[in-house]
Amino acid sequence: MPHSQTSAPRDSHLGVRIARGASPWLLPTVATAALSLARSRRSKRAAALAVPTTALAAGMLWFFRDPEREIAQGRVISPADGVVQSIMPWKDGRTRVAIFMSPLNVHVNRAPLAGTVTSVEHIPGGFVPAFNKESENNERVVWHFDTELGDIEMVQIAGAVARRIVPYIPQGTKVEQGERIGLIRFGSRVDIYLPEGVDVAVEVGQKTTAGVTRIDRD
């Protein structure tokens, strides 16, 4: 349930966990680092290997962090950490807000509104950088939510590095605003379509925090 109207991150004191869906990347990396460290005292080769593998494991832990957050109030909140890449009026009257996620952002996406997931559709495609126009044809997962504002569409788009999108919940699930709904491994883009008549509160270039930054304006 919503708790706060602030748009600043509120997760620093609430603890951090590892994102679901990180295991295929994280576990082998951490295991290799641990093995190299264990053998480093007896083997110069293992000692040399321990430095890069430990650094890589630490990087993976950072990439797949999943901080707890106090969910902000507002009709529509950001589904992703990142930077607003574009705000585009759509032909059907909706407004598309595209949020670019870099490899340094949290990769877990959250429900922009409370409601019911009416569809989760995987669409195959390419893997060009998510900031390119050609990314419109990238691999993606299209979400639809039945909410108090009607149908809300959200799209998770894979990028050049993010080769896997991991939905957490299936069609028919009821979600709370700010609830975790999926993961895009490494960097990518998330688009949300605001219904006709709903004004945008963010600007191009503005940083967003999933579950915290409000996207719409009263």
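Leaving aside its neighbours within four places in sequence, which residues is aspartate 151 in contact with? That one is picked up in point 4, after some background.

1. **What you're looking at.** This is a predicted model, where local features need pLDDT of at least 70, side-chain atom pairs count only at pLDDT 80 or more, and totals for chains, interfaces and linings use all residues. Residues are numbered from 1 along each chain as its sequence is written, and side-chain values use heavy atoms, with hydrogens and water left out.

2. **Overall make-up.** The protein has two helices and 15 strands; helices (H or I, at least four residues) and strands (E, at least two) are DSSP runs, numbered from the N terminus. Of its 218 residues, 46% count as buried, where buried means under 20% relative accessible area, exposed over 50%, and partly exposed in between (1.4 Å probe, protein chains only). Take the contacts (heavy atoms within 4.5 Å) with a separation of 6 or more: 72% of them come from residues 24 or more positions apart.

3. **The sheet.** Eight strands make an open, antiparallel sheet, in the order β10-β6-β7-β8-β12-β4-β3-β14. At its edges stand β10 (174–175) and β14 (207–208); each has a single partner strand, so one side of each lacks a neighbour in the sheet. Strands pair here if DSSP finds at least two bridges between them, and β7 and β8 are joined by eight.

4. **Aspartate 151.** Back to the opening question: beyond its neighbours within four places in sequence, this residue is in contact with Thr118, His144 and Phe145. Aspartate 151 sits in β8 and is the bridge partner of aspartate 146. Its side chain makes a polar contact with that of histidine 144 at 3.0 Å (a pair of N or O atoms within 3.5 Å; within protein, one must be able to donate a hydrogen and the other to accept it, and residues adjacent in sequence count only if both atoms are side-chain atoms). At 41% relative accessibility, aspartate 151 counts as partly exposed.

5. Sequence neighbours within four places aside, leucine 194 is in contact with residues including Arg94, Val97 and Asp199.

6. **Aspartate 199.** This residue belongs to β13 (residues 199–200) and is partly exposed at 45% relative accessibility. Its C-alpha is 5.3 Å from that of arginine 217, which is 18 residues away in sequence.

7. **Salt bridges.** The whole structure has ten, each a side-chain nitrogen of Lys or Arg within 4 Å of a carboxyl oxygen of Asp or Glu. One of them links aspartate 66 to arginine 180 (2.7 Å, N to O). Since aspartate 66 is in β2 (residues 65–67) and arginine 180 in β11, the pair ties together parts 114 residues apart in sequence. Both aspartate 66 and arginine 180 are buried.

8. **A charged network.** Aspartate 216 and arginine 214 also meet in a salt bridge (2.9 Å, N to O). Salt bridges with shared partners join Arg75, Arg214, Asp216 and Asp218 into one network. Aspartate 216 is buried at 1% relative accessibility, whereas arginine 214 is partly exposed at 23%.
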